[in-house]
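Q: I am new to this structure and would be grateful for a close look at one part of it. Please begin with that part and then proceed to the other features in a connected account.

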Amino acid sequence: MDQDVQSVELKDKASSGGVPWWVVMLVFLAIVAMYALFADTSTLWDRDEPRFARSAMEMYETGDWIVPYFNGDYRLHKPAGVYWLMDVGLWLRNYVWPMSLELAVRLPSVLGISLSALFTFFIGKRLFNAKTGLLAMVIYPTMLVPLVIGSFTAATADGALNAAMMLSIWMVVEILLRPRWWQYVVLTLALGSAWLLKGPVGFAVPGLMMIGTAFFGRGGTIKVSKRKWLALVVVSLIAAGFFVAWGLPANEMTGGQFYEEGIGKHVVGRSMTAMESHGGSGLLGYILTIPAYIPVLIVGVSPWVLFAPLGLSGLIRGHIGTSKSRAILWGWIAFPLIMFSLVATKLPHYVAPIFPALAIMIAAAIVARVKGDSPDEENGWLMTGVWLFNIFVGAAVLGGIAAPWVLQQGKVGYIYLLSIVLAVLTILVMLLITYWTSKKRLYAAAVLTSLIFPLLTLPSAMVLLPQVEANLKPSKQIAAGIHEILGQGVDVPVIMSGYEEPSLVFYINRPAGEVVKETGSDSAAISEWAHQSGAGILIITKKNYDKTIDKYTQLPLKKLFEDQTINYSANGKPLDILVMGRNMTNDMLARAEEVRKEHEKTE
């Protein structure tokens, strides 16, 4: 039977004694450390990460804190908030802690997901109890989707945005259950930050969660007075003012292009039309992709798919929490999911703000089952989760074995042998988790499940990603070769032809305002550039170079080195990339010979 809010609060106070604050902070620091290690295992992934990161670097260098630029053009896809946060990471790198450049620009997402986990604890504690909150705090960051947006592809706005939305949702929960004046202040700041990170989208999830909670809590379960609604509307309008305060001067400085592109194209346009092939084509394609997020949620909660059926059953059948806590979870999950399903453009990270609610749902179901608060018939859903978990882990093991085999072209080296060892360990962990779950040792199974990513996936990433870098991501090594040839502090014009990825612009790292030009396959432009005076670098695919030579016979360029790769961001096309020099000095050519020898060793 449901209890009133006062009894829930008394329970929370009693149970919080079992979870000391130092334990919560220790878990928080462990999450930060895990995400920082993951974020530091790879170079930036094309194409979003280097675009965000390069724009932040140009803003840092120029001191223009209003209008973002990328390689000489406006970067108006998102508001400036994320670039400000990345610039804090760059400042820390330059003056406080000599971290890698990748970690510096990914730091906002690393801290964002970690803070989201901390806020998940507070929400879970308020809706259920401290034990549920702590377990949810562990579950959320060890799910696949948060891990990806908070570490592997973290140089974007999504990790920080999730923190702002989670803080907003926490304050909404507090206002609904136990309002205090300061919660409205924090909510204003949190919503304002979300607006500055991603515009209207930043307000969408907390706003829909408010409306959804009122809908599922109708009939007296959750009473929201007119005065409280008015206060929430005022808070939302003030928060939107943060965005307007930045957006008006940004729009003025760009001649109206910000609202045309940033709002008209990337907010309204993405809602109405599937952009960049992220969604179905035409009316039939749109209809068919409406349920696209269902598999995203199933895979995205992994490896916690083990307990997901148990959690969903507990929420649907009312076996977890009170009617108030269930209404809040339903409003948090259902309304945002419906909105994103109806939006034409679909990407996995769009539904990322739902995952903390799923973590709380799962944690509450585990605690209820251990305490015997849910009926024994729930054991059937628990075993369904075991089957789904084994399928997920089995697929991951097969992928972990196949990936190094493919990357090393069938060669059995130490990396492949390490992948076999990690696969065996993963299978043993899977079997142990399955055994403990079948014996109803759910806390033990949950602890071991939470360790899958830090103890098994992290070493796998450290083993496999260097091979991925060598075979699929040539930008950093190409840029490093160019910098070594030119010498420290030397900058010359650079143009790209055929391989024109944002990561190349990022790692070449020309001074802000100096553009890495793109010529496409324009042979005339390449020939004209080659005959200009002064030193310069041409990065060109062999296909485009041969086409130019066929037309102009000869170019006054020296081949510095070449790199054979597969461009994973362009449909996996194999590429032979030539780095050519114009008017190179003898010292540069001598250094190029050394670079060429190194590249031949690694091929």
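What is the relative accessibility of Glu514, and does it count as buried or partly exposed?

A: The model is a predicted one. In it, Glu514 has a relative accessibility of 40% and therefore counts as partly exposed. Glu514 has a partner in Arg510, with which it forms a salt bridge whose closest N and O atoms are 3.6 Å apart. Arg510 has a relative accessibility of 5%, so it counts as buried.

The structure holds 15 salt bridges by the rule applied. Another of them brings together the side chains of Arg126 and Glu174, at 3.2 Å from N to O. Arg126 belongs to helix H5 (residues 101-127) and Glu174 to helix H8 (residues 158-177), so this contact ties together parts that are 48 residues apart in sequence. Arg126 is buried, at a relative accessible area of 11%, and Glu174 is likewise buried, at 6%.

A further salt bridge connects Glu377 with Arg317, with 2.7 Å between the closest N and O atoms. This pair links distant parts of the chain, 60 residues apart: Glu377 is in the loop between helix H17 (355-371) and helix H18 (379-407), while Arg317 is in helix H15 (residues 308-317). Arg317 has a relative accessibility of 42% and so counts as partly exposed. Arg317 and Glu377 also belong to a network of salt bridges that includes Glu378.

The account now turns to the strands. Five of them form an open sheet with mixed pairing, in the order S4-S3-S5-S7-S6. Its edge strands are S4 and strand S6 (558-567), each of which pairs on one side only. Strand S3 (residues 494-497) pairs in the parallel sense with strand S4 (residues 517-518) over two bridges, and Met496 has Glu518 as its bridge partner in S4. S3 also pairs in the parallel sense with strand S5 (residues 536-541), over four bridges, and there Ile495 stands opposite Leu538. S5 in turn runs antiparallel to strand S7 (residues 573-582), with six bridges joining the two. Thr541 has Ile577 as its bridge partner in S7.

In a regular strand the side chains alternate between the two faces of the sheet. Within S3, Val494 and Met496 point one way and Ile495 and Ser497 the other, and all are buried. Ile537, in strand S5, is buried as well, at a relative accessible area of 1%. Although Ile537 and Met496 are 41 residues apart along the chain, their C-alpha atoms are separated by 8.7 Å.

Two surface patches complete the account. Lys543, Lys547, Lys551 and Lys573 gather in a patch of positive charge. Helix H25 (residues 542-552) gives the most to this patch, with three residues. Lys547 is found in H25 and is partly exposed, with a relative accessible area of 43%. The other patch is nonpolar, formed by Ile420, Val421, Val424, Leu425, Ile427, Leu428 and Leu431, with about 560 Å² of accessible area together. Leu425 lies in helix H19 (residues 414-438) and is partly exposed, at 39% relative accessible area.

Definitions and conventions: Residues numbered from 1 in each chain as written. Predicted model: local features only at pLDDT ≥ 70, side-chain atom pairs only at ≥ 80, totals over all residues. Heavy atoms only, no water. Patch = residues over 30% accessible without salt bridge, like charges linked within 9 Å, V, L, I, M, F, W, Y side chains within 5 Å. Areas by Shrake-Rupley, 256 points an atom, 1.4 Å probe, with all protein chains shown as cover. Salt bridge = Lys/Arg side-chain N within 4 Å of Asp/Glu carboxyl O. Lys, Arg positive; Asp, Glu negative; His and termini not counted. Charge placed at Lys NZ, Arg CZ, Asp CG, Glu CD. Buried < 20%, exposed > 50% of the residue type's maximum accessible area, 1.4 Å probe, protein only. Pairing = 2+ DSSP bridges.
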